[in-house]
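Hi,

Here is the structure I promised to pass on. Have a look at it, and then read on for what turned up.

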Amino acid sequence: MKRKRAKNILMKMTIAVAVVFQIYNVAAQSISLAGQWHFKMDSADAGIKDEWFNKKFSETVSLPGSMLSNNKGNEVTINTKWTGSIYDSSWYFMPRLAKYREPGNLHFPFWLTPNKYYVGPAWYSKEFIVPANWAKQNVQLFLERVHTISTVWIDGKEIGTQNSLATAHEYDCTAFLQPGKHTITIRLDNRIKDMNVGPDSHSVTDHTQGNWNGIIGKMELKVTPKIFIKNVQVYPDVNNKMAKVLLTVANTTNDNATINITLAAKAFNTKTMHQVSLAKNAAIAKGDTVLELLLPMTDKMLLWSEFDPALYNLAAVVTAAPNSVSKTNTQFGMRAFGIEGTQFTINGQKTFLRGTVNNCEFPLTGFPPTDVAAWQRLFAIAKAHGLNHMRFHSWCPPEAAFDAADREGFYLQPEVDSWPNHGTSLGDGRFIDKYIYEEAEKMLQRYGNHPSFAMLAAGNEPAGRNQAKYLAAFIFHFKTLDNRRLYTGASVAMSWPLVPENEYMIKSGARGLDWNNRMPESDSDYHRFITPFTMPYVTHEQGQWCVFPDFKEIKQYTGNYRAKNFELFQQDLTENGMGDLAEKFLMASGKLQTLCYKFETEKSLRTPGLGGFQLLGLQDFPGQGSAIVGTLSAFWKEKGYTSPQQFKQFCSATVPLIRTSKFVYTNDETLQAAVEIYHYGKSGIDNAVVNWKLVNTNGAVFAQGKFAPQNIATGKNTTISTITIPLLKILNAQQLSLEVAIEKTDIANHWGFWVYPKTLPVLDNAAIYYTDTLDEKAAGILDKGGKVFLNLAGKIVKGKEVVQYFTPVFWNTSWFKMRPPHTLGILVDEKNPAFASFPTSYYSNLQWWEIVNKSQVMHLENFPKEFKLLVRSIDTWFMNRRLAMLFEAKCGNGKIIVSSANLSSAMQNKPAATQLFYSLQKYMLSNEFNPSQSIDINLIKELTTTPSKLVWDAFTKAAPDELKPKTIAQ
């Protein structure tokens with residue numbers, strides 16, 4: 001019995017030793033701290049005073065992770081004190097939204113709603129074992145992506161406090177750790193009162209990732225010998241085919257030492273193999289020694305760029321004694337990101353930045369991923385849309401993002417984690433002034449070797465009287481410190497002061513479509529905005545064209561957040577009788593959104609000397625009132641109305657462009673379009689044959705041709721020739737498509753054109769009473785069974801407050817307090833015979849511009865909810881009003897068409913409007929004019945006599961207003 005018991009004990013010990021060996025691996029260089037931790041919230045901030053660093057907590061959480069991913073925190077209530085400015089507090093006051101403020105039915109429209117919420121200190125503790133072979137070595141604690149301030153204790157002894165948002169928190173634990181069992185306790189505090197980077201900074205705000213508490217990256221203890229490699233910085237010198245390596249070696253002994261250094265760089269992601277090496281001895285003193293080593297890359301050097309992202313792994317080994325060896329691996333690329341005139345260069349070749357803004361939108365977790373694969377997915381999607389650049393708005397991503405961008409060939413501009421505005425300011429002696437310098441230096445040390453790290457800004461749109469002076473000093477300091485990238489002060493809109501010291505400018509002037517004031521064209525560009533500058537000009541936050549919410553996304557919120565904002569918008573739409581139209585609103589507004597992105601992008605590509613643009617954005621922004629501006633969702637998924645292939649036609653390294661004065665013609669005119677090729681590809685295209693064809697909606701070719709072969713250089717736009725097409729042979733109204741392509745490639749682009757007869761057949765419309773007033777005569781005609789065309793343009797009262805442009809809502813109407821426009825395009829009943837002589841799709845296209853732009857809309861709030869329309873204006877999702885531009889109905893014994901767009905026989909130089917009016921009259925004269933719906937004449941009269949009952953009220957004019965009822969905790 002004793003022998004059997006001894007055998008069992010021996011077996012258990014063997015298993016235990018095997019497990020320990022498996023975990024720590026006798027010669028292990030690190031111990032993972034991932035797994036279960038003990039946990040306790042410290043809402044009263046009593047933990048330090050009550051010495052919680054000496055206590056064991058009963059709750060547990062899993063790390064890496066956040067409190068939210070562990071379902072820890074407080075219930076979200078109307079009294080929750082958020083991190084982030086509220087620009088529109090009307091939700092707290094609108095009577096119609098009162099039910100969404102009730103406990104159990106809270107639906108905040110400002111941003112996504114977390115399952116739980118907590119801002120304050122929280123404590124985490126864990127036991128671990130230091131193996132015996134770590135004795136007399138250095139031990140470092142590495143905590144990646146901490147949010148936000150960490151304080152660490154080992155066995156009740158405080159080690160220190162750190163506060164970086166961008167880089168790992170690293171602590172030297174050597175003096176506190178001997179072999180054996182220990183307890184580590186970490187206090188995390190995500191309040192911003194002690195490190196106010198601005199409550200709207202995307203590094204901390206609830207508008208985007210959320211203000212979470214936790215650690216989401218690698219967590220480990222690392223052991224090093226007493227003499228070890230502390231840091232490696234690689235400075236590529238492409239011109240001299242050399243890599244300068246700054247090797248920081250730490251000597252924690254009390255003696256000087258002689259070390260042997262070997263460097264070996266090997267390309268690891270290319271078909272062409274290349275490796276170089278270097279060996280050297282050096283003498284080092286106690287403390288840190290920075291050694292400069294020149295690593296010849298030879299004539300076989302491989303360059304990194306968006307086209308060929310060749311990467312090297314640099315293996316560095318420092319040997320101080322046979323049993324003192326320090327090793328490290330560093331990823332780098334040989335590249336030179338520079339400037340030539342007003343444009344950027346990559347390895348001496350001009351490049352053009354086609355970028356999007358990343359705002360830390362990760363709606364499942366609320367925090368960014370720290371694995372390379374997740375970031376490669378995003379960059380691959382962006383590249384599929386023709387992009388080569390990403391700006392990180394007021395935050396810096398984890399190292400995995402840089403690693404992924406290196407591999408994908410993507411240029412990054414992280415920003416120090418600050419939007420020093422709305423609660424703080426720059427250059428005024430506040431916390432943020434020193435923090436930005438410290439944080440930027442950490443970013444360069446940690447991520448500076450990544451070739452994708454091509455640009456850096458101090459943050460976004462700062463406040464402060466001395467901001468320009470501060471930013472000038474920031475630029476000088478960092479371009480002197482580290483010349484591997486380019487620097488700018490901040491990403492700003494037009495009203496911010498200029499910083500002449502910028503190496504490149506990010507400013508908002510060179511953006512937008514002037515379609516509110518002039519008809520769509522493709523002749524113009526943004527040259528006048530950039531000519532005052534001698535540095536590259538990158539357009540700030542281009543686009544911001546809204547689309548109606550995709551309510552199918554709601555079910556995708558299966559993680560730490562819920563789309564309560566979308567739920568509110570969907571329920572409100574349904575209550576207003578339009579729930580069944582949500583998908584049609586999405587598709588119709590999406591087509592208009594894509595059209596606007598196409599024309600604005602092409603306008604940028606036509607601009608000589610422009611350095612690039614940064615879209616806002618390719619993906620939706622879930623906060624700031626819900627800015628649904630992406631052709632992709634916040635999950636980076638397609639919405640169905642466009643595809644990467646379609647987007648890439650007008651946004652890519654090579655794009656055919658045309659310059660033409662208009663897109664709507666009459667058949668007595670000649671269509672002229674000057675063709676040019678925007679080309680910023682890897683190399684020029686020799687003997688390129690550019691062809692073109694003009695086809696109708698059935699694919700039948702009306703005209704076609706090709707130009708003589710021509711060499712297309714890279715790094716510029718090349719003028720090809722002019723297409724000239726007489727339109728006399730087009731006798732009926734038609735929609736046409738002009739396609740321009742480069743033969744033997746997949747490079748092509750296309751544009752819609754509309755051609756209408758100059759002279760229309762004369763209609764005998766005596767049977768139609770045309771009027772702009774629903775007067776007694778009109779009422780009498782309807783009573784007698786007659787037909788009335790009622791043109792109410794300029795006379796609408798019910799709906800007068802709704803401003804409609806051809807272009808959709810910018811950013812969103814909530815954030816800008818219902819700044820116009822308020823609509824998202826139109827939804828057309830295109831199969832109705834009313835449009836038989838007016839070719840149209842179900843959505844806004846360029847022929848509708850002269851009909852829709854600045855036309856009034858009718859607010860049908862008292863009409864039956866099921867009432868159907870010929871042309872419906874799509875309202876902002878914050879109001880979901882039933883808006884019409886054109887409808888038909890039976891009225892009394894007669895039939896009527898009512899229009900708030902100006903349609904009449906007296907229209908001049910409006911061929912599309914003229915054609916629409918003709919089509920409607922022809923329809924009214926036919927037997928097909930038999931509306932299925934009846935309406936009371938008084939409802940129509942109300943449109944010109946009675947204001948809307950449902951109107952938007954801001955309740956304040958401040959911005960941000962932070963207006964809340966007195967019952968809300970402050």
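First, a term: on a 1 Å grid over the protein atoms alone, a cavity is a set of points where a 1.4 Å probe fits but cannot get out, a pocket is an open set with protein on both sides within 12 Å along at least five of seven lines, and lining residues have an atom within 4 Å of a point. Volumes are the space filled by probe spheres set on the points, with grid points joined across faces, edges and corners.

Some housekeeping: this is a predicted model, where local features need pLDDT of at least 70 and side-chain atom pairs count only at pLDDT 80 or more, while totals for chains, interfaces and linings use all residues. Residues are numbered from 1 along each chain as its sequence is written, and side-chain values use heavy atoms, with hydrogens and water left out.

How far can you trust it? The chain averages a pLDDT (the predictor's confidence in each residue, from 0 to 100) of 94, and 96% of the residues score at least 70. Residues 6-27 fall below 50, and beyond near neighbours in sequence that stretch makes seven contacts (heavy atoms within 4.5 Å) in the model. Residues 963-970 are also below 50, but have 19 such contacts. Where pLDDT is low, the predicted coordinates should not be read in detail.

Now the holes. There are nine cavities of 30 Å³ or more. The largest has a volume of about 120 Å³, and 14 residues line it, with Asp-88, Ser-90, Leu-97, Pro-109 and Phe-878 closest to its centre. The second largest cavity holds about 100 Å³; of its 13 lining residues, Leu-68, Lys-116, Tyr-118, Asn-211 and Trp-212 lie nearest the centre.

Strand E21 gives the most, seven residues; helix H3 (399-408) and helix H4 (431-447) are among the elements that supply at least two each. (Helices are DSSP runs of H or I, at least four residues, and strands are runs of E, at least two, numbered from the N terminus.)

One last item: an open, antiparallel sheet of three strands runs in the order E22-E23-E24, where pairing takes at least two DSSP bridges between two strands. Strands E22 (337-340) and E24 (349-351) are at the edges with a single partner strand each, so one side of each has no neighbour in the sheet.

Cheers
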